[in-house]
Amino acid sequence: MKLHNYFRSSSSYRVRIALNLKGLAYDYVPVHIARGENLQSPFNTLSADMLVPVLEEDASSGGELFSQSMAIIEYLDELHPEPPLLPHDPVGRQRVRALAQMIACEIHPINNLRVLKYLVRELKVDEAAKNAWYRHWVRDGLEAFERQLARLPASLYCYGNTPTLADCCLVPQIFNAQRFDADLSGLPRTMAAYEAAMQLDAFQRAQPSRCPDAAS
């Protein structure tokens with residue numbers, strides 16, 4: 001398999017974690033979205049939405065191209081069910097998907113790179129205002145995430161005592177929140193789940209600093 005991704009992309013980061021948790025080998029193909037490589041050939045011929053990540057299966061497996069990190073992770077979970085990234089019971093699966101989507105569908109979309117670029121280039125927002133925008137919406141979303149965790153039974157990770165899809169989403173979001181110096185105080189369950197995940201090799205190896213294109 002090939003994973004077309006960018007080291008700082010939260011969506012790419014999620015998939016790297018999932019691949020590591022599953023013990024699946026893959027070739028890392030960098031796409032520098034900050035330089036617009038996602039809009040150029042050859043990547044724009046692979047991805048209809050011109051976004052990372054894209055998972056490209058080996059030709060012997062059909063050579064399929066898959067987009068959208070959440071769909072990719074669930075595809076991997078169905079194809080390689082151990083260790084599971086979603087609980088076996090319907091209620092558990094709903095809880096984990098809800099937590100994951102709070103990040104992937106609520107926090108991340110209004111704070112990703114193309115939104116921040118639009119704020120600066122088209123709306124002429126200065127750097128301080130752009131960062132204030134980021135910090136506000138990340139904090140707002142993580143407070144909601146913390147409230148959701150507080151309603152669930154105590155656990156080592158976001159849900160239960162093994163990492164799930166929710167943890168695959170949480171860790172990249174916290175990484176980016178730290179990079180923008182967002183306020184992460186007063187989020188005990190959230191940060192405890194993050195710290196627990198970061199003790200695992202699968203999460204450590206997926207870090208942006210460990211990527212071949214890091215800081216390029």
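Among contacts (heavy atoms within 4.5 Å) in the protein chain between residues at least 6 apart in sequence, 66% link residues at least 24 apart. The model is predicted: local features need pLDDT of at least 70, side-chain atom pairs count only at pLDDT 80 or more, and totals for chains, interfaces and linings use all residues. Residues are numbered from 1 along each chain as its sequence is written, and side-chain values use heavy atoms, with hydrogens and water left out.

The protein chain contains nine helices and four strands, where helices (H or I, at least four residues) and strands (E, at least two) are DSSP runs numbered from the N terminus. Their order along the sequence is β-α-β-α-β-β-α-α-α-α-α-α-α. Of the 216 residues, 47% are buried; buried means under 20% relative accessible area, exposed over 50%, and partly exposed in between (1.4 Å probe, protein chains only).

Five aromatic pairs occur in the structure. Rings of Phe, Tyr and Trp (its six-membered ring) pair if their centres lie within 6.5 Å; planes under 30 degrees apart count as stacked, over 60 as edge-to-face and the rest as tilted. The rings of tyrosine 6 and phenylalanine 7 have centres 5.0 Å apart and planes at 75°, so this pair is edge-to-face. Tyrosine 6 and phenylalanine 7 are both buried.

The count of disulfides, pairs of cysteine sulfur atoms within 2.5 Å, is zero. For cysteine 105, the closest cysteine sulfur, in cysteine 169, lies 8.5 Å away, too far for a bond.
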